[in-house]
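Here are a few exercises to work through with the model open in your viewer. Try each task before you read its solution.

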Amino acid sequence: MGKVAVIADSKKIKFVTDSTCDLPQALIDRWGITVIPVFVHIGDESFADDGVALDRTDFYNRLPNLNPLPTTSAPSPGLCEQAIDKVFEDADHVIIITLPPKLSATYEAMRLGINKHPADRWTLLDSGTTTMTMGYQVLIAAEVAAQTGDVDQVLKAIQQVRPNIKLAALINTLENLRRSGRVNFATAGIGALLQIKPIITVNDGVVETMARVRTM
C-alpha cells in the first residue's frame, strides 16, 4: 500500500460563495459549499436567487416581456453574517470567493459579514469574474482543500486556475443593454437592423466585448 502524506497543520477549510457562481447543486452538496443568494427584483417583488424562490428557466422565458426590466441587488451584510457564522461552527478557516466589487456590492456585504471573526481565520477573494468561471475557482479550491488541508496551497491553486478559465457570453439582442444604458440607442438600432450579436467577457470585474457576429 502506498504512503499517505500527512500534513501536520491540516485545517478544515470551508467555502462560501454567491449564487452567481452557477455551480450545480450536486457539486455544492458534494463539497459542502455554502452559497449565499443575490436577489432579483421584478416590479414590487423580490426573489432570492436560490433555485427555489426564483426559477431561472421561468425567469428567462418571462424576461423579454418584463417592463420595466428586473434589477438585482447584493445580499445584505446581515444575511451574509448569519450564513458565515454557521460555516464557522465547523471550520478552522473560511474562504469566500465572490463577485468582483466592480460588478456588485456582494463583495462588500461578505466583508462586513465576516469582519467580526479573527482575520487569520478567513480569506475573502474577488474572483474577477462571474458564473462558472467563478464556480470553477470555488470547485478547484474545495478539491485542493480536501486533499491538503492547507490554506496556502488552496490559494495557490486558485491563482493557477484563473488564467486557464475564460468566460464568453453571446447576447441575443442589444435591446436590454440599451435599456440599461450600456449602449446608446443608435448602436442598438443598428445592431438590431444588422442582427449583430455581441460576444462579451468579464476580465478583472470589467465587462468587455470579445467580438461582434452576425448570427447565432
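Two strands count as paired here if DSSP finds at least two bridges between them. Keep in mind that the model is predicted.

**Exercise 1. Work out the strand order of the open sheet of 4 strands, and say which strands sit at its edges.**

Step 1: follow the pairing across the sheet, and you get β2-β1-β6-β7, with the strands paired in parallel.
Step 2: look for strands that pair on one side only; these are β2 and β7 (122–126).
Step 3: check one pair in detail. Strand β1 (residues 13–18) runs parallel to β2, and 3 bridges hold the pair together. Within this pair, Thr 17 is opposite Val 35 of β2.
Step 4: go from one strand to the next and the twist averages 20°.
Step 5: α5 lies across β1 and β6 (93–98), and its direction makes about 170° with β1.

**Exercise 2. Now take the open sheet of 3 strands: what is its order, and why does one side of each edge strand lack a neighbour?**

Step 1: the order reads β4-β3-β5, and the pairing is antiparallel.
Step 2: β4 (45–48) and β5 (71–73) are the edge strands; each has a single partner strand, so one side of each has no neighbour in the sheet.
Step 3: ignoring direction, neighbouring strands here are turned by 30° against each other on average.
Step 4: zoom in on strand β3 (residues 39–42), which is joined to β4 by 4 bridges in the antiparallel sense. Ile 42 has Glu 45 of β4 as its bridge partner.

**Exercise 3. Trace the strand pairs that involve β9, and find the residue with a positive phi in the hairpin turn.**

Step 1: strand β8 (residues 169–170) meets strand β9 (residues 197–203) through 2 bridges, antiparallel. Leu 170 is found opposite Ile 199 of β9.
Step 2: β9 also pairs with strand β10 (residues 206–213), again antiparallel, over 7 bridges. Here Ile 200 has Thr 209 of β10 as its bridge partner.
Step 3: the hairpin of β9 and β10 has 2 residues between the strands, and Asp 204 in that turn has a positive phi of about 50°.

**Exercise 4. Describe how α5 and α6 pack.**

Step 1: helix α5 (residues 131–148) and helix α6 (residues 151–161) meet at about 145°, with their axes 9 Å apart.
Step 2: their crossing is right-handed.
Step 3: list who touches whom. Ile 140, Ala 141 and Val 144 are among the α5 residues in the contact, while α6 brings residues including Val 154, Ala 157 and Ile 158.
Step 4: sort the contact by class, and you find 8 nonpolar, 3 polar and no charged residues.

**Exercise 5. Characterise the second largest pocket.**

Step 1: its space comes to about 300 Å³.
Step 2: the lining has 15 residues, and Gln 25, Ile 28, Val 35, Asp 49 and Asp 50 are the closest to the centre.
Step 3: α1 (25–31) and β2 (34–36) each give at least two lining residues.
Step 4: by class, the lining splits into 8 nonpolar, 3 polar and 4 charged.

How values were computed:
Residues numbered from 1 in each chain as written. Predicted model: local features only at pLDDT ≥ 70, side-chain atom pairs only at ≥ 80, totals over all residues. Heavy atoms only, no water. Axes fitted to C-alpha atoms, helices over the stretch in contact; angles between N-to-C directions. Left-handed = near helix turned anticlockwise from the far one by under 90°. Contact = heavy atoms within 4.5 Å. Nonpolar A, V, L, I, M, F, W, Y, C, P; charged D, E, K, R; others polar. 1 Å grid on protein atoms, 1.4 Å probe; cavity = no way out; pocket = protein on both sides within 12 Å on 5 of 7 lines; lining within 4 Å. Points joined across faces, edges and corners; volume = space filled by probe spheres on them.
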